[in-house]
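Please keep the sequence and the model in view while reading.

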Amino acid sequence: MNKTGIGYLNYSWNPVTGCSPVSAGCLNCWAKKRATENAATGSKWYDPKDPFKPTLHRDRLDESSHRKTPSVIGVGFMGDICHPDLPEDALACVLQSCRIANQHTYLWLTKRADRLGEALLGVDPVPNVWLGVSVENMAGAIERLPILAQLAERGWHTWVSMEPLIGSVTLAPSPHHNWDLVEWVIVGCESGDDRRPMDPAWVTQLHGECDHFGIPFFLKQMEVEGKVQAHPTPYLNGVQHTEIPYAIQERLEQGSSPRPAE
Ligand code: SF4
């Protein structure tokens, strides 16, 4: 488990690594580049012959439970926890680890919302697990957001990561769901030399929709004068938007407070 520079997490934890492209947002996959770099440094979690092969690391499943200080932990950001090539029990194993280490709040993230729904729509919500989908454009929103809304309606905590945002998105592509149950939206532009543009008008529209539904809105990064600005977070129409749901904020502060070594 590693400390992370991502402002809304204390740690990232990768019991699962590896993936394969699924949609337009994958074109400049950050995790694939990082996996290749990690393999080159000799990291035992990445096969030098195929660093981004979907893999469940069973020996990492209890890693987060060793940290006793309550923290916010991003899960499987170095791949996709719902990848079809993972062992059948991968998702259940990770969920069980999260259940056991219930001092932490876990943020899951996937682009394979259909598989997340198949696995969890019939499962009782786990209160310290927040299910997230990644959405990059309207096609992604139509495919993934209604499943997330269904999970929210069943009582799961839910969030949306729109990073990289590469097209205009309406948060509520279907009128048949309670969108105000989705609890958090994070937006950010793509980074790297090949980044595709994020139009501030898309972000303004999304912020307006979140405002309408009462959803906390966090603008993580945006291009400002030709550079990606994340620290400090950028201004949108003269305002920084760094809303974090109360339950996450509280845990984040606990996770970052200095504590004796564990
Ligand atoms: S789903 Fe995510 S991890 Fe997988 S290839 Fe696409 S961007 Fe990379």
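Predicted model: local features only at pLDDT ≥ 70, side-chain atom pairs only at ≥ 80, totals over all residues.

Q: Is proline 234 buried or exposed?
A: A residue is buried if 20 or more other C-beta atoms lie within 10 Å of its own. Proline 234 has 20 C-beta neighbours inside 10 Å, and therefore it counts as buried.

Q: Which residues does proline 234 touch, not counting residues up to four places away in sequence?
A: Tryptophan 108 is 126 residues apart from proline 234 along the chain, and their C-alpha atoms are separated by 25 Å. The residues that proline 234 touches, with those up to four places away in sequence left out, are Leu219, Gln221, Met222, Val224 and Gln229.

Q: In what order do the nine strands of the open sheet stand?
A: The pairing in this sheet is mixed. The nine strands form the order 1-2-5-6-7-8-9-10-11.

Q: Why is one side of strand 1 and of strand 11 left without a neighbour in the sheet?
A: Strand 1 (2-3) and strand 11 (227-229) stand at the edges. One side of each lacks a neighbour in the sheet because each has a single partner strand.

Q: Which residue of strand 7 stands opposite leucine 107?
A: Strand 6 (residues 105-108) pairs with strand 5 (residues 72-75) in the parallel sense over four bridges, and there glycine 74 stands opposite leucine 107. Strand 6 also pairs with strand 7 in the parallel sense, over two bridges. In strand 7, the residue opposite leucine 107 is tryptophan 130.

Q: How many of the residues of strand 7 are buried?
A: Val129, Leu131 and Val133 point one way from strand 7, while Trp130, Gly132 and Ser134 point the other way. All of these are buried. For strand 7 (residues 129-134), the count of buried residues is six of six.

Q: How many residues around the ligand are charged?
A: The residues around the ligand include Lys32, Asp80 and Lys111. The shell divides into six nonpolar and three polar residues, and the charged ones number three.

Key:
Residues numbered from 1 in each chain as written. Pairing = 2+ DSSP bridges. Near = placed C-beta within 6 Å. Nonpolar A, V, L, I, M, F, W, Y, C, P; charged D, E, K, R; others polar. Buried ≥ 20, exposed ≤ 12 C-beta atoms within 10 Å, placed from the backbone. Contact = placed C-beta atoms within 7 Å.
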